[in-house]
Every structure is written in C-alpha cells, then in structure tokens.
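Please keep the sequence and the model at hand while reading.

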Amino acid sequence: MADQELKSKVEELISANPVLLFMKGTPDMPRCGFSMRVVQTLDAMNAEYGAIDVLPALQPLREVTAEIADWQTFPQLYVKGELVGGADIVEEMFESGELSEALGVEQPEIPAASGEPAPPAQSPPLQIE
C-alpha cells in the first residue's frame, strides 16, 4: 500500500504541472539513459516541463505511481494529468508527431537523437518535501 500522503502530493504535482517528468536525476544531470532520452526529446521540442528526481524516494514513488497509473518504472511523462509513458513511448510519439500535438508545440525538423541539443526550456526541478 502506497504512502497516502506521498500519493496526494504526487497527484497534486501531476495536476499542477501541465507537463511533468518523473525521472532518475535532473534535466541537467540525468542519472539513467532512459531519463536522458526523454529529456533530450523534450528539450529538442523546446517544451516547458517540470521534473522530479525520483532517486531520493525511489521505492515509495514506485508504489505511488503503480496506484496512480499502474506504471512502476521511470522515467514517466505526464501531460495534462495523464500518463504518456516512458522513454520508448515518448520517442515513438515524437517520431509520429503525436507528442508535439499533446504538448501543443511545433514538431522540430531535426530528430531529438541527432544534432546539437536544444537549450533547456524546462522549469527548475521540483522537490517532494
């Protein structure tokens, strides 16, 4: 059973942030390749997003996200309160143009995995207190 106080805080963050990424590390310093891939994709799209480093509370957050969206692995991207998915799904949606539609941004010409990375457009990492 997930910690109900943490679950409430996570649900509040998801609803308060139009685009929210639960990731290992921070956008400036991802701590896993999957998180880095999602950050690169979002940055290539110049998308504004909040980010939460799950590492300080990994297991409790796994339990909470399993209850909220039936998804336990990270990264997890939420758009408008709904789970989009992890790295593979985000990249597939990027390639098909679905991600730009969901985010309300223009689809970039250059794929996220090539070329120079775009300057970060994310908000500072959020903290769970």
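## Terms and basis

A residue is called buried at under 20% relative accessible area, exposed at over 50%, and partly exposed in between (1.4 Å probe, protein chains only). The model is predicted: local features need pLDDT of at least 70, side-chain atom pairs count only at pLDDT 80 or more, and totals for chains, interfaces and linings use all residues. Residues are numbered from 1 along each chain as its sequence is written, and side-chain values use heavy atoms, with hydrogens and water left out.

## Salt bridges

The whole structure holds three salt bridges, a salt bridge being a side-chain nitrogen of Lys or Arg within 4 Å of a carboxyl oxygen of Asp or Glu. R37 is partly exposed, at 23% relative accessible area. Its side chain meets that of D88 at 2.6 Å, N to O. This pair links distant parts of the chain, with R37 in helix α2 and D88 in helix α4, 51 residues apart. Helices (H or I, at least four residues) and strands (E, at least two) are DSSP runs, numbered from the N terminus.

R37 also forms a salt bridge with E91, where the closest N and O atoms are 2.7 Å apart. Shared partners join R37, D88 and E91 into one network. D88 is partly exposed at 45%, and E91 is partly exposed at 23%.

K7 and E67 form another salt bridge, at 3.2 Å, N to O. K7 lies in helix α1 and E67 in helix α3, so the pair ties together parts 60 residues apart in sequence. K7 is buried, at 17%, whereas E67 is partly exposed, at 34%.

## Helix α1

Helix α1 spans residues 4-16. D3 caps its N-terminal end, with a side-chain oxygen 2.8 Å from the backbone nitrogen of E5.

The buried residues of α1 are L6, K7, V10, L13 and I14. They lie on the same side of α1, because they cover an arc of only 125° around the axis, taken from the directions from the helix axis to the C-beta atoms. E5, S15 and A16 are exposed on the other side. The cover over the buried residues includes β1, β4, α3 and β5.

## Nonpolar cores

A nonpolar core is a set of buried Ala, Val, Leu, Ile, Met, Phe, Trp, Tyr and Cys residues joined through side-chain atoms within 4.5 Å. The largest has 19 residues, and L21, L42, Y49, L77, L99 and L103 have the most contacts inside it. Helix α4 gives the most to this core, with four residues. Another core, of 12 residues, lies apart from it and includes V10, L13, F22 and V54.

Methods. The expected span of a helix is 1.5 Å times one less than its number of residues. Contact means heavy atoms within 4.5 Å. A polar contact is a pair of N or O atoms within 3.5 Å; within protein, one must be able to donate a hydrogen and the other to accept it, and residues adjacent in sequence count only if both atoms are side-chain atoms.
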